[in-house]
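Here is a short briefing to read with the structure open beside you. Have a look around first, then come back for the notes below.

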Amino acid sequence: MFNKSYRYAIHVRHIHLVIIFVALFFLSACAESGGDIETENVDLAHRVNDADIKKQPQSHRSADTFYFGFDRRGSIQEDAKQYLPFLDYLTAATGLTFKLHFTPEDTQLVDELGHDVVQFAATGALGFIEAKSLFNAIPLVRGLNEQDKAAYRSFFVVRADSHMSTMADIKGQRLAFGSKSSTQGHLIPRIILKEEGLTLSDFKRASYTGSHINCAETVITDGADICGMQDTLAASYEKKGQLKVIHKSEFYPSSGIVANEQVTEDIIQKVTAALLDFKPLGQHADGLYHWEKTEMPHGFVLAEEKDYVELAKWADFFGFIDLERY
């Protein structure tokens, strides 16, 4: 029985950035124990320590309510501020109700999709591949980057003052990744290492930090020497003079939105149509929060299972999935 997740719904209707301590407490509680909370007025700029997280009572889902999960990229608060207005758009465009769900740190988003804790999720290619092989998840759309390409890359970065300048310098160093289930923070970096003739045993240490921001900050604070991470975020750290990019991967299929197999075909069609109609640079820009920093800044294109075949083969090679089940 799957029981690690708790639903305390974030109700996506009108989001006012007003300081209300009680609402903030419930957001904090949901963020790490996982779940969704009802809230209208939340100051999401306030940061909360993981130690402050507490469990809240479980809520119930109605037939026209759908829970939306996501891969963590940064802090809970920043991720929430980006996704809440987006779910507001989906609610208005489809007539359905969408609530934001936070995945607990000891739980995988893939498992939550498979066990119907969330019905939709924003996830990377590896997340979809795992969800497809284990639970027959359905790809809906892929994100468009700043060049209107439904693709992204991984960058290897070191501290700006590091002596390392190429991949030839990294053997024997302390290596960091983001989440184990991350495409840009784990799978693509592993592909790069394989192509460079390196394995994890060639490093002094290999660690998983949980997110792209954590990975970057670990290198900046000298907790690791090199990190494989998301391309646009890595570039922003380099621009600020904190990190140095020493390698860029090829392009691979970008993150997107997926559904679990329990979602009915009519709902999938309705949600997919709304996603394809989403214009973050045009008519739907108002109310969005730094959508340009997401992995789908220019909206979406239709996704198909065949888009992920190459990455699925790599995931099988590294033992992340069983290709026969894909």
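The notes that follow cover a disulfide and the strands around it.

This is a predicted model. It holds 1 disulfide, between Cys215 and Cys227.

**The disulfide**

- The sulfur atoms of Cys215 and Cys227 lie 2.1 Å apart, joined as a disulfide.
- Viewed about the S-S bond, the angle is 135°, and the link of Cys215 and Cys227 is right-handed.
- Are the two cysteines buried or exposed? Both Cys215 and Cys227 are buried.

**Strand 8 and its two faces**

- Strand 8 spans residues 174–177 and is covered on both faces.
- On one side you will find Arg174 and Ala176, on the other Leu175 and Phe177, and all four are buried.

**Partners of strand 8**

- Strand 9 (residues 205–208) pairs with strand 8 in the parallel sense, over 4 bridges.
- In this pairing, Leu175 stands opposite Ala206 of strand 9.
- Between strand 8 and strand 9 the chain passes through helix 5 (residues 183–195), giving a β-α-β crossover that is right-handed.
- Which residue of strand 10 stands opposite Leu175? Look for Ile226.

Notes. Residues numbered from 1 in each chain as written. Predicted model: local features only at pLDDT ≥ 70, side-chain atom pairs only at ≥ 80, totals over all residues. Heavy atoms only, no water. Disulfide = S-S within 2.5 Å. Buried < 20%, exposed > 50% of the residue type's maximum accessible area, 1.4 Å probe, protein only. Pairing = 2+ DSSP bridges. Right-handed = clockwise from strand over helix to strand, strands pointing away.
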